[in-house]
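Please keep the 3D view open as you read.

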Amino acid sequence: MGRKVGVIAAVLTALAGLLAVYLYNRITFLDHDAVSDSVHVIYGVGGNVAVLRTQSGAVIVDTMAFPIQGRRILDLAERLGGGPTQAVVNTHYHADHTHGNPAWPIGTRIVATERTRAYLERFDPAFWEGSAAGSAPNELFTDRHELRIGGKTIRSFYLGRGHTGGDLVVLFVEDRVLHAGDLFFNRRYPNIDLEAGGSVQQWAETLDRVLALNFDKVIPGHGPVTDRAGLLEFQRFIAELAEFARESAAAGKSLEETLAAADLERDGAFEEMSIPFLFKFDRDFAIRRAWEEASGIVQPVELSAPAPAKNH
Ligand SMILES: [Zn+2]
């Protein structure tokens, strides 16, 4: 009997070891692709990373989900980006776009909106008080921010609510490439963070303002790089979702009735995203969040100032 237990324990230890190796490899694996002459995208576990090559070095947008990934991204990005990191931009506060930050030296310029910084402090304080202290965004703006680095222009814009209440988009001006962050999930059901100021109802208008910028290619927060038509496809889905939820809430329908009556058509090619026991972004999730907003059941958490809508 004792020997059997010993064998089982040995097998379990070996399996745990294999699982750890598998997870390490899965988390640290990065793929990358050229988007323009000077812009690359890095794909991995977490939000898509953009790298701009300048004459002075790399400008990096988002850092994925783990410090250990951040170290891999830093190495790859500085090779693709022509030298040491000149600045990092965080599109929004979510862990899968910011938790790689601690890989960069303290004092690196890290650009984000003021609201993103406030959401980090409100929803994710433990991470940024621990070993990541000093790695949170340190160059903050409200509406618009510009960097001129190594012959390139990097413009960040806050254009309204959508995925959260603080998302920015980054325009690589000379390359006509946009990183849209999680305001754009390409052919995937989006996460909708109502608690942090996200809004299905305002999202499509925010995307109108994104589409008014001068770009040809767009890097989404999740999914493959695409063009303006790809972003329009997502906007049509968001608009359809918002209208359906508005009508359902106005008719006083319950969530169950709303889910049962859903006849959305714009998401035919969409994929689900999930990690078992953690989250699942699928059609029912999108409908539930849209209904919760339209019925007034979920309100954004109060920060010092409400998330500015953009009406111009
Ligand atoms: Zn996100």
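Which residues have the most contacts inside the largest nonpolar core? Before the answer, a word on the model.

## About the model

This is a predicted model, in which local features need pLDDT of at least 70 and side-chain atom pairs count only at pLDDT 80 or more, while totals for chains, interfaces and linings use all residues. Residues are numbered from 1 along each chain as its sequence is written, and side-chain values use heavy atoms, with hydrogens and water left out.

## The nonpolar cores

The residues with the most contacts inside the largest nonpolar core are V169, L178, F215, F234, F237 and L241, and this core has 39 residues. A nonpolar core here is a set of buried Ala, Val, Leu, Ile, Met, Phe, Trp, Tyr and Cys residues joined through side-chain atoms within 4.5 Å. Buried means under 20% relative accessible area, exposed means over 50%, and partly exposed lies in between (1.4 Å probe, protein chains only).

At least two residues of this core come from each of β10, β11, α6, α7 (228–250) and α9 (283–294). The biggest giver is α7, with 8 residues. Helices (H or I, at least four residues) and strands (E, at least two) are DSSP runs, numbered from the N terminus. Another core, of 20 residues, lies apart from the largest one and includes V61, I154, Y158 and L168.

F234 is worth a click: leaving aside neighbours within four places in sequence, F234 is in contact with L183, F184, F185, R188, P190, W203, L207 and F270. Contact means heavy atoms within 4.5 Å.

## The sheet

Six strands make an open sheet with mixed pairing, in the order β8-β9-β10-β11-β12-β13. At its edges are β8 (144–149) and β13 (226–227), each of which pairs on one side only. Helix α6 (residues 200–211) packs on the sheet and touches β10 (168–172) and β11 (177–185), and its direction makes about 175° with that of β11. Axes are lines fitted to C-alpha atoms, for helices over the stretch in contact, and angles run from 0 to 180 degrees between N-to-C directions. Two strands pair if DSSP finds at least two bridges between them.

Start walking at β8, which runs antiparallel to β9 and is joined to it by 6 bridges; R144 has F157 in β9 as its bridge partner. These two strands form a hairpin with 2 residues between them, and G150 in the turn has a positive phi of about 50°. Strand β9 (residues 152–158) is largely enclosed by the rest of the structure, because 6 of its 7 residues are buried. Next, 5 bridges join β9 to β10 in antiparallel fashion, with I154 opposite F172 in β10. Further along, β12 (residues 217–222) and β13 are antiparallel and share 2 bridges, and V218 stands opposite T226.

## The zinc site

Which residues coordinate the zinc ion? They are H92 (NE2), H94 (ND1), H163 (NE2) and D182 (OD), at 2.2 Å. Donors are N, O and S atoms within 2.8 Å of the metal (3.2 Å for Na, K and Ca); water is not among the atoms, so sites may look incomplete. The donor residues follow the spacing H-x1-H-x68-H-x18-D in sequence.

The arrangement is irregular because the 4 donor atoms subtend angles of 84 to 173°. H92 counts as buried because its relative accessibility is 0%, and H94 also counts as buried, at 11%.

Conventions: Tetrahedral: all angles 85-135°; square planar, octahedral: opposite > 155°, others 65-115°.
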